[in-house]
Structure formats: structure tokens, C-alpha cells
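Visitor: Hi! Could you walk me through this one in simple terms?
Guide: Happy to, let's have a look together.

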Amino acid sequence: MAVRQIVVGVDGSQGGRRALAWALEQAVLSWWWGDPSTPLADARACQESAQLTLDREVRAQPVRHGVSVAAEVVEGRPADVLVAAARTADLLVLGSHGHGRVHHTILGSVSEACIASAPCPVVVIPVPGPPRPAADAVPAATEGASR
């Protein structure tokens, strides 16, 4: 079965950026969501900022021949918006951590909520951590160490 539609959460974070890049290798549709904690008085500024962020993130990706990107800023709780958008999707793609206030050790709260309720498969693209030392590296001996 060929993938026909992929919904992607893009919020300007490294995780969202990596999710968009991965999905564009696979996909035809991407979505963005804003921060639901933004006060109503700032909603217009938030909408404009979200649109600028979305436009920048989509433009930064290499052009994929034959891939159509429909980019839309949607107001609402991120997990609810993404799950609703994924109702007709073949796949939902998210970064493991975004710009939300709450960050969990393994997955962000939006990722967890989407995994629990999405009507389609969910792919969570990890954000790389700091480089790990090589397994075969030998620690340097310290002067005066006991034998």
C-alpha cells in the first residue's frame, strides 16, 4: 500500500524540523500547530508568528518532485488537532520533543497523546542527544591512581 497522506506536527523545534524532513521523504501533506497556552489577546500575533514559522520550516526543506505540501496553521490543543487531521491520513509523523512547556524523558506529551489516540500509525522521530563516547574508548589514567 502506497502512502497517500501524512500529517506532520511542525512547531519550529528541532524535533518538528526532523519530523518534517523525514515526512517529506515519504509524504504529501504537512500540518503545524501552535502553543495552546497563548493568551487570547495574543492570538492574532501568535497566528502570524505560527504562519511565519511554518513557512520558514517548509521553505527550508529540499523541494521534492511530485510531493504536494498543504501547510496550515490550526488553532487548538496540539494532540487534538493532530489526531483530528490524521482521521483520513495514512501516517502521523511527530518529533519526540517540541516547544511545549512539558517535556518527558522519552517522548513529549503531544507525542504520547497522539500515540494513544491516533487513527493511523504514528512515527516519532527522535531528537539526537549529545554524542556518546565510543564503547571501546579507554579512560586516561590519572596521576596518583592506586593500582
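Visitor: Which way do helix 3 and helix 4 cross, left-handed or right-handed?
Guide: Helix 3 passes helix 4 in a right-handed crossing. Right-handed means that the near helix is turned clockwise from the far one by less than a right angle, and left-handed means anticlockwise. Helices here are DSSP runs of H or I with at least four residues, strands are runs of E with at least two, and both are numbered from the N terminus. This is a predicted model, where local features need pLDDT of at least 70 and side-chain atom pairs pLDDT 80 or more, while totals for chains, interfaces and linings use all residues. Residues are numbered from 1 along each chain as its sequence is written, and side-chain values use heavy atoms, without hydrogens and water.

Visitor: What's the angle between those two helices?
Guide: About 35 degrees, with the axes 9 Å apart. The axes are lines fitted to C-alpha atoms over the stretch in contact, and angles run from 0 to 180 degrees between N-to-C directions.

Visitor: Which residues meet there?
Guide: Pro78, Ala79, Leu82 and Val83 of helix 3 meet Val110, Ala113, Cys114 and Ser117 of helix 4; contact means heavy atoms within 4.5 Å. Seven of the residues in this contact are nonpolar, one is polar and none is charged.

Visitor: New topic: how many residues are in the largest nonpolar core?
Guide: It has 13, and Val7, Leu82, Ala86, Leu92 and Cys114 are those with the most contacts inside it. Such a core is a set of buried Ala, Val, Leu, Ile, Met, Phe, Trp, Tyr and Cys residues joined through side-chain atoms within 4.5 Å. Buried means under 20% relative accessible area, exposed over 50%, and partly exposed in between (1.4 Å probe, protein chains only).

Visitor: Which element gives the largest share of this core?
Guide: Helix 3, with four residues.

Visitor: And how many salt bridges are there?
Guide: The whole structure has three, each a side-chain nitrogen of Lys or Arg within 4 Å of a carboxyl oxygen of Asp or Glu. One of them joins Arg17 and Glu57, at 3.0 Å from N to O. Arg17 is in helix 1 and Glu57 in helix 2, so this pair ties together parts that are 40 residues apart in sequence.

Visitor: Is Glu57 buried or exposed?
Guide: Buried, at 2% relative accessibility. Arg17, by contrast, is partly exposed at 33%.

Visitor: Which residues are linked in a network of salt bridges?
Guide: Arg17, Arg56 and Glu57. Arg56 forms a salt bridge with Glu57, with the closest N and O atoms 3.4 Å apart.

Key. Nonpolar A, V, L, I, M, F, W, Y, C, P; charged D, E, K, R; others polar.
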